[in-house]
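Trainee: I'm new to this one and would like to learn how to read its side chains. Could you walk me through a few features?

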Amino acid sequence: HYITSASPLCRSKTATVASLIIPRTLAFATNTRVPTRSPSERRRMNDGSKKSRRRRSSSLLYQEPQESMEQLNDQAAIPNLNANWVNAKGAWAIHIVLIIALKILFSIIPGIERDTSWTLTNLTYMFGSYLMFHWVRGIPFEFNAGAFDNLNMWEQMDNGDQFTPTKKFLLTVPICLFLASTHYTRYDLTYFTINTLALLGVIVPKLPVSHRLRVSFLSGHPDDRYLDER
């Protein structure tokens, strides 16, 4: 009789304790949710990671990464009309004709002496050569899915091979023009310095050591370009 009369009391006490514990447990579980960040906070975090990544990649010189297998297949799918013309007949003669035309043009301008005309011819050819072969990257056609977007014309020529006949010729022409300009300016120190700097500006990018080499403040590091595209 004692056991049967005490059983309801035990059950009521158990129910009371459970009613106190369960809400607190549910409240604790509800308050332990992972806090969500607002869009502005996420944007600030992304900007911070981007800036830190830029600082890590802020080297002055860097090597252009190799293309992926898909890009290599796109490059080999169709002949590169942007670079293959330099091996065509008459392409070499264009440089000689252009140099002669520039010399005649600067010589017929009143007030320009022979020393100045040769220097202007040298500077104009060097500037045009650098702009064409080393500054502009990619191709003006849309047939290869942008496979050459990261390469300049010199790197596209002859599939990137060094010291091919065409590349030897394009190395020889500015050197010969420099020697002619130095001779006809009577080895004047000022003209010699200007012509030497112009020569180095087109010869150094053509050397194998400069192949796929980039200056970060001129072209941007590839990590930064990737982040900007994102």
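Predicted model: local features only at pLDDT ≥ 70, side-chain atom pairs only at ≥ 80, totals over all residues.

Trainee: Is Ser181 buried or exposed?

Mentor: Look at the relative accessible area and ask whether it falls under 20%. For Ser181 the value is 0%, so this residue is buried.

Trainee: Which residues is Ser181 in contact with, leaving aside its neighbours within four places in sequence?

Mentor: Those are Trp118, Asn122 and Asn195.

Trainee: Now the rings. How many aromatic pairs does the structure hold?

Mentor: Four. To sort a pair, check the angle between the planes: over 60 degrees counts as edge-to-face. Phe133 and Trp154 are 90 degrees apart, with 6.4 Å centre to centre, and form an edge-to-face pair. Phe133 belongs to helix α6 and Trp154 to helix α7, so the pair ties together parts 21 residues apart in sequence. Both Phe133 and Trp154 are buried.

Trainee: And what kind of pair do Phe178 and Phe192 form?

Mentor: A tilted one, at 50 degrees between the planes and 5.9 Å centre to centre. Phe178 is in helix α8 and Phe192 in helix α9, 14 residues apart, and the pair links distant parts of the chain. Phe178 has 11% relative accessibility, so it counts as buried, while Phe192, at 35%, is partly exposed.

Trainee: What lies over the face of Trp154?

Mentor: That's Lys206, at 5.2 Å from the ring centre.

Definitions and conventions. Residues numbered from 1 in each chain as written. Heavy atoms only, no water. Phe/Tyr/Trp six-rings, centres within 6.5 Å; stacked < 30°, edge-to-face > 60°. Helix = DSSP H or I, 4+ residues; strand = E, 2+ residues; numbered from the N terminus. Buried < 20%, exposed > 50% of the residue type's maximum accessible area, 1.4 Å probe, protein only. Lys NZ or Arg CZ within 6 Å of the ring centre and 35° of its normal. Contact = heavy atoms within 4.5 Å.
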